[in-house]
Amino acid sequence: MRNATVALTALLAGSVLPLSDGPLAQDRTVKITGFGAKSGVVRVFGVNSEAAMKAAAEEINKAGGVTLGDGTKAKLTVEFLDDRCNAEEGISVVRRIASTDAFVAVGPTCSNVAESLFGILQKKAGDASDSGLQFPIIADVAAKGGLAKISEWSFRNVPSEFEMYKSLMAWVKATRPELKTLYGGVEKDFAHSNATFGVMKAQAEANGLQVAGTSEWLLNDTTFSTQVRDMKRANADIVAISAHPFTTCGVLKEMQRQGVKPKLLIGLTSSSSIETLQGCAAQAEGIIIPTSFAPVTPEAKKAAEQVAKHGGSADLHSAAAYEIMFILKDVIESQKIMAKPDTVQADRNKMREGLAALKETNGLLGKVGRTADREAIKPFLYVHAKDGNWVVLHKPSS
Amino acid sequence: MDFYLGLAQIIGVHTLLGLSAYCVLLTGQVSLAQAGFFAIGAYVAGMLTVLAGWSLVPALLISALVSGAVACAVGFPALRVKGLMLVVATTAFGEAVRLFFFNFTYQIQAGNLKLGPHGGEGFRQIRYFPENGWSTLDVVIFIWIVVALVMAALWWLDRSRAGAVLRAVGEDELAAQSSGINITAVKVSAMTIGGLIAGIGGGIFAHYTTHIEHIQFGVVLATFAIAYPILGGLSNVFGTLLAVIFIQGFLIEGLRFMGDWRNLLFGGLIVLAMNIRPRGLLDAGTTRALKRLFSSGKEPSGA
Amino acid sequence: MAARRHCNRVYVPDSGFVVDYLDLIDAVQSVADGVLFGATYALLGIGFTLIFGVMHKINLSFAAASIGAAYVSLLILAGFKAPAILVFLTAALAGGVIGALVYLVGFKFIPLANPLATLMSTVGLLLLIDEIIVHSTDGVPLNYPALFSDVIIPAGPFNIRGDLVFVFVLGCVCMAVLLTLLYRTKLGLATRAVSQQPVASQLCGISITRVNLLTFVITGMVGGIAGAMTGAAIGMLSPLLSLPLTVKGLIVTVIGGLGSIPGAIIAGLVVGGLENFFQFFRGVTERDLYIMLLLFAFLVFKPGGLFATSAGRD
């Protein structure tokens, strides 16, 4: 009990201190709430998103903050709530946010949370017969294809893996015509990697590659000898792995053990993070992954530094959170959001309309297109693992 | 306000999950199959309202019956074993159910959408509540009517001869057998009742989360199912309710102000609670003391 | 083409017994790999079964604590490049310390007659240990040094992983040491006495707390080694491991017969082999389904396990 008290005091002290050098009391502030996984095996996503949102808010505030509907300037503050990657808790968190004056929320990390969450939102805005929650949510990480079409209140700023792998496979065909066959590996029980593999395979076939076979495994599998032996027997020129870092590394290590050396190695977008390099830098050497973020432009470099300063790492997911803050700033200004307690529902409606009306937003790598079903078309590039770092390999001209 | 109503929904459904394990625990058996029954209820009820267009109440009745029937069928072989063997056997069964739904696809075309369970990608758009204009409050009232009915039924059962028989088997199997109780029948009945309750709970779960997928019904959920009654105490049904409020209301939502410490405290406080109150938060002694004070066993939500 | 099961693969049951040579080799190799990997399950199973044998209680936090011990070894030796063997020894020591802590926090103050309470307290510890790992590593998988990972023993058309052979040998050594400890030393005598007749042994002057604490320290050390060996065999550590390893540890314990150390070893190898067997013939989505159904049937029809020490114990 005493430990808890000590911890509590330390925590209170820690949470009070930063306030003292925060914005002055007479300044107006607008709180943007993010949510995502900050516990469990996906904690790193929440940590990065939170850092990215805070870094972006700091940038915006340094430039004078955001102009509200009544012409006053406001500073942005960021709060981030943990949903433990659990659907019920995600719903709880959003209901909690929707019970405040907030007019938008940013999140979640996990696609399964997004599925449930977007499901409780009103399906068609303005449909009085639908009692779903009327609250705009914009997702930064949840990557499963087509999530935003569940509700007109749900938006995403995540890259389109369809476009990425379409481009990558075409590039492979153009630059490496000697490669004829592809072998796939897929983490079968995770909706995101499973769906993305469908994209990889279809695009490989569309570009004249022969798919020699597929090996499948589960998210927390630890032994891959059977799968890799099939891979070895197929002896394909290219191996494409659609899996998250833990099993990507497991498979790469087993490939090394069995001496499987494809001429080209392709990975899943989400694995282009530091996790893969911490788990198996040596084995991942050369793996090519399309990603919507790399510190290549001046803005991206600066963003990466700012995010690092806030204790996170900028990758394709957290960069999306960073961009979202600027998107929200623009929409707040263009829609003349009042951010007053008595304009809450009006602000939410305006926010939704503003987000839905966007045709293009500014991204760290260039302009980001918006589709009619509230998804993003983000610029991307190919990175590959080189000496324990992600290095840009090629930037497709789109 | 909406937030507290949402929390009340979660507490209600988890109470049903906990009560389903409570029935089985009364006979001294630890079953980790409850998440499996819960999953069956969720999928059956979801498919009935979304694919067959049924209204919710009959769909829940059918989901309860299906889960109950499966529980009964599993109970016969499973309850031949006990203790750790039963824990692992029921885990195996629960996982088998989960893996069944991992492989289960049954979709119909509705307009430009495909509806229904789709293997590993789950079953989305179970939107009976919002589509029929139920407000959050309506849903809360509905859930708590169901919870109250189930708790009243179990309370009555507990006070009747049947309850005495259940507890007799739980306390001392040999003695119960010698006094002419058919142990297998008692255990299987308890398992069936547990299956019925889990089926209703799962059915509601599918509707207020709108999306279900196999990962949600794993060992963790099964562990929570037995955690509620054990943490709350087996002396009566309110112990389970109290433990659900403790875990969902206090540990998960109430401690949110603790930020990153919240999840560390989650496990830590469960350990602490078991050390301080090994017979549960609401054990027989406390119940007697509370009765003497003429107060109800309820406590305000910690959130 | 015989019963192959490639991706878009179709299993053709009525294609007769014509299995081509390469398939046969692959099948045998797969099962053999699985059996060897099962050595890591066996080590975990030993820990579970030992605690159960002495205290008649389940310690659900054991697998998480084992992984935790492996993490601690990484943490302690992160600063300098330590030889792998030192990493494993550190993991064993850390496992012992964590074992003692688990006993003090999760068992010592809870009445013996209350198995449900300790079941729950170890669930709490499982969650706690997991979250401590997550908070100190952000849940990111970490590279773990491998021992003998580059040793591949060729045996005819087959290849055998040297590191897994080492784990297997280690498992056997652990078994020998533990059996000696249990049947050839005073401590072992006391442990068995406490296990069979706690009250009588207390009357004979044996301190139950001390015996139980020592059991936890010793199983903790086995767990630390198991955690390190699992990390080495996979090449990585991740909090993703603790739950599946808990389930596998329990499965191995009951299949082997509660409290039987040789049983746990054999069961570990059997589970590992079966996993790869079904992986090979039925593919990944159905693999675990068959394992679970088989396990259910096995427990129901042979509740004593392979090597039950005494019947009717729960």
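Predicted model: local features only at pLDDT ≥ 70, side-chain atom pairs only at ≥ 80, totals over all residues.
**Backbone details in chain A**

- At A:A339, phi is near 55°, a positive value in a residue that is not glycine.
- A:A339 has 21 C-beta neighbours inside 10 Å, so this residue counts as buried, the cut-off being 20 or more.
- Another detail to look up is the cis peptide bond that runs from A:G107 to A:P108, with omega near 0°.

**A positive phi in chain C**

- C:H56 also deserves a look: its phi is near 55°, a positive value in a residue other than glycine.
- You will find C:H56 in the loop that links α1 (21-55) and α2 (62-76) of chain C.
- Because 17 other C-beta atoms lie within 10 Å of C:H56, this histidine is partly exposed; a residue is called exposed at 12 or fewer and buried at 20 or more.

**Two crossing helices in chain C**

- Two packed helices are described by the angle between their axes and the distance between the axes.
- For helix α3 (residues 84-106) and helix α8 (residues 208-234) of chain C, the axes come within 6 Å and cross at roughly 140°.
- That angle makes α3(C) oblique to α8(C), since only angles over 145 degrees would count as roughly antiparallel.
- The crossing of α3(C) past α8(C) is right-handed.
- Sorted by class, the residues in the contact of α3(C) with α8(C) are 16 nonpolar and 9 polar, with no charged ones.

**Where chain B meets chain C**

- On the chain B side, 37 residues are in contact with 39 residues of chain C.
- Four helices of chain B each give two or more residues to the side that touches chain C: α3 (56-78), α4 (83-102), α10 (219-232) and α12 (261-276).
- Of these elements, α4(B) gives the most to the side of chain B that touches chain C, with 13 residues.
- By class, the residues on the side of chain B that touches chain C divide into 24 nonpolar, 8 polar and 5 charged.

Terms used:
Residues numbered from 1 in each chain as written. Chains lettered and ligands numbered in written order. Axes fitted to C-alpha atoms, helices over the stretch in contact; angles between N-to-C directions. Parallel < 35°, antiparallel > 145°, perpendicular 65-115°, else oblique. Left-handed = near helix turned anticlockwise from the far one by under 90°. Nonpolar A, V, L, I, M, F, W, Y, C, P; charged D, E, K, R; others polar. Contact = placed C-beta atoms within 7 Å.
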